Amino acid sequence: MSGLNASLGYFLACVVFGASLRPLLKTWPRLAFLLEFSSSFMLVACWLEVQTIVEVGEWAGGLGPDVTVTILFVVLLAHGIISEGASGNPILILMRFLQLEATALTTVLTVVFQFLGAHLALHVAGYYWSLELTDMHMIKNLMSSECSTSLLASLLQGFFTECMCALVFNLIHLFLRRKSALIRVPLIAILLTFLAHTGMMHPALILIYNEMTLIHFACPFAAKGYTSAYINPSLAYGLTFFCPGFTLAEYAFVYWLAPVTGMTLALLLYMGHIPRIFAKNLLSFQKTRFRVPKSGAKEKKK
């Protein structure tokens, strides 16, 4: 129970930090990209601790899967409420750019600050583990120098997995984005918790549920622990990019390029075109409204 209390205190500290920047945005609205910094920090920092509970919490702290699922849902729900208007996901920011909802400068600054938030979260979590407040964190501190990579497949299999999972995730996001926050935030939190439930059985937390729903068919490899299906470049950067096994370029190919490709396909399927690139709707084949009269009809009138 002491391990759980320490983790809850850590979660609370991350949430307070994420919420502390919101009043600053009311004073300086032009610094809105800082909200993405705090959102990315909060998501990655909390996810690192959730991953710790999944890896060693059950046998070092007596924390079962039910506790992990509850904590994950609360974390995702708190992240959605506090970071309303921010996602902490570079893919969703790039989607706004392709939809002509953000400028190039704003997109670049936002993505940079998202990765800065993820990098800060990695150092904060490492310092927190080094304190060794509980047996669980002592073991995690010993494991942190030799972490296990989340990419457990070939590069092509990993690329296909992340691409398909990003396609499904972004389609769902596009359908829910116009809904009220009272409906959208809890639904997304429940959805992600549901998708993560089976993945928690694996040391590297997997986001894709492997028994039910369309995602089982779209992401068959993620259910087996091939990539963990993070669908978030900054989250993957904080959780697995510093683990040995692959180079930075190989990680970027799977966890950066593949989600961008899946997001682009989702946008194309949802809108029929990509506004930033071309305006023609490729999925609609409309007939002309006016018909050219036949020559026989003209002669009959004469």
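Reader: Why does Ser-38 count as buried?

Author: The model is a predicted one, and in it Ser-38 has a relative accessibility of 1%. A residue is called buried when its relative accessible area is under 20%. The value of 1% falls under that limit, so Ser-38 counts as buried.

Reader: Where is Ser-38 found, and with which residues is Ser-38 in contact, leaving aside its neighbours within four places in sequence?

Author: Ser-38 belongs to helix H3, which covers residues 33-60. With neighbours within four places in sequence set aside, Ser-38 touches Gly-18 and Leu-21. The C-alpha atoms of Ser-38 and Val-15 are 9.1 Å apart, while the two residues are 23 residues apart in sequence.

Reader: What makes Ile-139 count as buried?

Author: Its relative accessibility is 19%. The limit for buried is under 20%, and 19% is under it, so Ile-139 counts as buried. Ile-139 sits in helix H7, residues 135-144.

Reader: What share of the residues in the protein do buried residues make up?

Author: Of the 302 residues, 48% are buried. The protein has 13 helices and zero strands.

Reader: Why is Glu-132 called partly exposed?

Author: Its relative accessible area is 35%. Buried requires a value under 20% and exposed a value over 50%. Since 35% lies in between, Glu-132 is partly exposed. Glu-132 is placed in the loop between H6 and H7. Its phi is near 50 degrees, which is positive, and the residue is not a glycine.

Reader: Which residue in the loop between H5 and H6 can be named, and what is the phi of Leu-100?

Author: Leu-100 is in that loop. Its phi is positive, about 65 degrees, although Leu-100 is not a glycine.

Reader: How do you know that the pair of Tyr-10 and Tyr-128 is stacked?

Author: A pair of aromatic rings is described by the distance of the centres and the angle of the planes. For Tyr-10 and Tyr-128 the ring centres are 4.3 Å apart and the planes are at 20 degrees. Rings pair if their centres lie within 6.5 Å, and planes under 30 degrees apart count as stacked. Both values meet these limits, so the pair is stacked. Tyr-10 lies in helix H1 (residues 2-20) and Tyr-128 in helix H6 (residues 104-130), so this pair links parts of the chain 118 residues apart. Both tyrosines, Tyr-10 and Tyr-128, are buried.

Reader: What makes the pair of Phe-175 and Tyr-270 edge-to-face?

Author: The ring centres of Phe-175 and Tyr-270 are 5.2 Å apart, and the planes are at 85 degrees. Planes over 60 degrees apart count as edge-to-face. The angle of 85 degrees is over that limit, so the pair is edge-to-face. Phe-175 is in helix H8 (residues 155-176) and Tyr-270 is in helix H12, so the pair ties together parts 95 residues apart in sequence.

Reader: Why does Phe-175 count as exposed, and why is Tyr-270 partly exposed?

Author: Phe-175 has 55% relative accessibility, and exposed means over 50%, so Phe-175 counts as exposed. Tyr-270 has a relative accessible area of 36%. That value is between 20% and 50%, so Tyr-270 is partly exposed.

Reader: Which residues form one aromatic cluster?

Author: Phe-115, Tyr-230, Tyr-237, Phe-241, Phe-242, Phe-246, Tyr-251, Tyr-255 and Trp-256 form it.

Reader: What makes H5 and H12 oblique to each other?

Author: Helix H5 (residues 90-98) and helix H12 (residues 248-271) pack at about 45 degrees, with axes 10 Å apart. This angle is also between 35 and 65 degrees, so H5 and H12 are oblique. The crossing of H5 and H12 is right-handed.

Reader: Which residues in H5 meet which residues in H12?

Author: From H5 come Ile-91, Leu-94, Met-95 and Leu-98, and from H12 come Pro-259, Val-260, Met-263, Thr-264 and Leu-267. By class, this contact of H5 with H12 has eight nonpolar residues, one polar and no charged.

How values were computed. Residues numbered from 1 in each chain as written. Predicted model: local features only at pLDDT ≥ 70, side-chain atom pairs only at ≥ 80, totals over all residues. Heavy atoms only, no water. Axes fitted to C-alpha atoms, helices over the stretch in contact; angles between N-to-C directions. Helix = DSSP H or I, 4+ residues; strand = E, 2+ residues; numbered from the N terminus. Parallel < 35°, antiparallel > 145°, perpendicular 65-115°, else oblique. Left-handed = near helix turned anticlockwise from the far one by under 90°. Contact = heavy atoms within 4.5 Å. Nonpolar A, V, L, I, M, F, W, Y, C, P; charged D, E, K, R; others polar. Phe/Tyr/Trp six-rings, centres within 6.5 Å; stacked < 30°, edge-to-face > 60°. Buried < 20%, exposed > 50% of the residue type's maximum accessible area, 1.4 Å probe, protein only.
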